[in-house]
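User: Could you take a close look at one part of this model for me? I'd like to hear about the pockets and the helices around them.

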Amino acid sequence: MPDALILYSNPMSRGRIARWMLEEVGQPYQVRYLDYGPQMKAPEYRRINPMGKVPALVHGDRVVTEYAAICAYLADAFPEAGLAPKERSSYYRWLFFGAGPFEAAVIAKALGVEVPEDKRGMVGFGTIATTLDALETQLERTPFLAGETFSAADVATGSQIGWGLRFRTIEPRPALQTYWDRISARPALQRANDADNAAMPKKEE
């Protein structure tokens, strides 16, 4: 019997990225939602992720945390899904760009953190404009981040682009919007979103 895939998540978290990736992989999986606060910080869950946050993926006796790592792991664990190209240089670059300089730049902007010009060398992103320039340049060259075919890099970093556009934390540059329109139409994302949206807390009337 194959090892079970169990995703610990919250419908208002980066766990949505991991769920999209699981839908792309096409293997059976379970989702266990955790509430923010005591449930995520409970000793039982911190044995899985000492950081006390989601997402975390359990696959048999293996545990993977951090959404980009989960995407990379699933692409390698299930190669038949074709989500990790044979030529890995561009794939690795953009897979981790989203979880590194891009996400850091977006969060810094959202928090109102302005890195002084003479200190920009200390941060991995320099400026948010620099990170957007890098993404824009790539997406003007190729339809997907790693080249001509969709990959786990598009799940991980593409999700960050989509959220940035939705919540207006990044400029709606045409190349980024066109790219997001392309990948957000994927059936796997629609299925993942439908499931997570159904698990969202109900608003009190």
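The lining of the second largest pocket splits into nine nonpolar, five polar and two charged residues. Bear in mind that this is a predicted model. That pocket comes to about 390 Å³, and 16 residues line it, with Arg 16, Trp 163, Arg 166, Phe 167 and Asn 193 nearest its centre. Helix H1 (15–25), H7 and helix H9 (187–198) are the elements that each give two or more residues to this lining, and H7 gives the most, with four.

Now for the largest pocket, at about 560 Å³. Among its 23 lining residues, Arg 14, Glu 103, Ile 107, Gln 160 and Trp 163 sit closest to the centre. Here the elements giving two or more residues are helix H4 (67–77), H5 and H7, and H5 leads with six. By type, this lining has 14 nonpolar, five polar and four charged residues.

So how do H5 and H7 pack, and at what angle? Helix H5 (residues 89–110) and helix H7 (residues 152–166) meet at about 25°, their axes 8 Å apart. Angles under 35 degrees count as roughly parallel, so that's what H5 and H7 are to each other. The crossing of H5 past H7 is left-handed. On the H5 side, the contact uses Tyr 91, Trp 94, Leu 95, Phe 97, Gly 98, Phe 102 and Glu 103; facing them from H7 are Ala 152, Ala 153, Ala 156, Thr 157, Gln 160 and Ile 161. Sorted by type, these contact residues are nine nonpolar, three polar and one charged.

Key: Residues are numbered from 1 along each chain as its sequence is written. This is a predicted model: local features need pLDDT of at least 70, side-chain atom pairs count only at pLDDT 80 or more; totals for chains, interfaces and linings use all residues. Side-chain values use heavy atoms; hydrogens and water are left out. Axes are lines fitted to C-alpha atoms, for helices over the stretch in contact, and angles run from 0 to 180 degrees between N-to-C directions. Angles under 35 degrees count as roughly parallel, over 145 as roughly antiparallel, 65 to 115 as roughly perpendicular and the rest as oblique. A crossing is left-handed if the near helix is turned anticlockwise from the far one by less than a right angle, and right-handed if clockwise. Contact means heavy atoms within 4.5 Å. Ala, Val, Leu, Ile, Met, Phe, Trp, Tyr, Cys and Pro count as nonpolar, Asp, Glu, Lys and Arg as charged, and the others, Gly among them, as polar. On a 1 Å grid over the protein atoms alone, a cavity is a set of points where a 1.4 Å probe fits but cannot get out, and a pocket is an open set with protein on both sides within 12 Å along at least five of seven lines; lining residues have an atom within 4 Å of a point. Grid points are joined across faces, edges and corners, and a volume is the space filled by probe spheres set on the points.
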